[in-house]
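Please find below some notes for a colleague who has not seen this structure before.

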Amino acid sequence: MKVKRIERPEKILERSVITVGVFDGVHLGHRKILERLRLEGEKRGLETVMVSFEPHPAKVVNPPIKILTTTEEKIMILSNSAIAPDWLVILQFNEKLARTGAEDFIRLYLKSSLGMKALVEGEDHRFGFKSEGDMKLHKNLSTIYEYDIILVPTFHINGYPVKSGKIRELIEKGEIVQAKRMLGGGYIIKGKVVPGDKIGRKLGFPTANISVCEDKLLPADGVYLVKTTINSTTYHGLLYIGYRPTITDKKEKRTELYLFNFNGELYNLALKVELIMKIREDRYFEDIQLLRKQMEEDRTYAMKLIKGPGGIND
């Protein structure tokens, strides 16, 4: 997959099949669209293009939202997928692009820049300034600019449409297992290990303080069973997300990782932590010893969930 970032229209391809969207989460609904994109590309003998945006358009035109996947995470997910497009074209989303009308967007970015011959989209796709571009307008423009429209039905799980907004809602509630079903894979938190205050070490639970991208959606405060890979070895552990009410009254949110059976230094490492399930809510304890006792219970419970070295029912 070739990755191309552009700030303005420029000639990239003569002929292609395209899909356009934010693709936040690259969830199962998105993957159905990408599967159809690849099928159409193969059938027509054309290169396939996924057009996405950076930053998320909501950061420019709406109250900002927390995102499921950063651009780098999207690239990682797609690169490891059998349905990766031939091209990922990332448009810089700014006020100028936000004000671009639907027809100008089609003409400048999809037709002139990418030679669009077919457009594969979800059935409820909208585009252009103030989302003025609906499928009725698409059909009119497709006649003018000579491209086919292929609509992909909304994908459902247990009767619920798979949408990025619904997945955000689940993660915000800490409902990781349900979110994973819609994502089609684990929910990942990436970040660099930075120095902490070493309180976990004093409690017998040395933790790694992870600095996470400020735009990334973190789940509800609490303790989560997770796994990560370090030097080709997978470790399970517990991830704490919250304000550490027992230890401090400072309003500083922390993301702290404790790994089972790990001995080594983690400072400055970039970790990719996959959330498996929520263990418990965050809470205040009357003293440190009660907190330590709860942490021991958390570890015991989590270890029971792990079946064999490196394996788990997740």
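1. Arg5 forms a salt bridge with Glu72, and their closest N and O atoms are 3.1 Å apart. A salt bridge here is a side-chain nitrogen of Lys or Arg within 4 Å of a carboxyl oxygen of Asp or Glu. Arg5 belongs to strand β1 (residues 2-6) and Glu72 to helix α3 (residues 71-79), so the pair ties together parts that are 67 residues apart in sequence. Helices (H or I, at least four residues) and strands (E, at least two) are DSSP runs, numbered from the N terminus.

2. The model is predicted: local features need pLDDT of at least 70, side-chain atom pairs count only at pLDDT 80 or more, and totals for chains, interfaces and linings use all residues. Residues are numbered from 1 along each chain as its sequence is written, and side-chain values use heavy atoms, with hydrogens and water left out.

3. Buried means under 20% relative accessible area, exposed over 50%, and partly exposed in between (1.4 Å probe, protein chains only).

4. A second salt bridge joins Glu40 and Arg36, at 3.0 Å from N to O. Both residues sit in helix α1 (residues 28-44), four residues apart, a separation of about one helical turn. Glu40 is buried, with 2% relative accessibility, whereas Arg36 is partly exposed at 31%.

5. Asp221 and Lys253 also meet in a salt bridge, 2.9 Å from N to O. Asp221 lies in the loop between β10 (208-212) and β11 (222-230), and Lys253 in the loop between β12 (233-242) and β13 (254-259), so this pair ties together parts that are 32 residues apart in sequence. Asp221 is partly exposed at 22% relative accessibility, and Lys253 is partly exposed with a relative accessible area of 37%.

6. Salt bridges that share partners join Arg36, Glu40, Lys43, Arg44 and Asp148 into one network. How many salt bridges does a search of the whole structure find? The search finds 25.

7. Val162 is buried, with a relative accessible area of 3%. Not counting residues up to four places away in sequence, Val162 touches His27, Leu28, Gly29, Phe155, His156, Ile157, Ile167 and Met182; contact means heavy atoms within 4.5 Å. Val162 and Ala179 are 17 residues apart in sequence and 9.7 Å apart in space, C-alpha to C-alpha.
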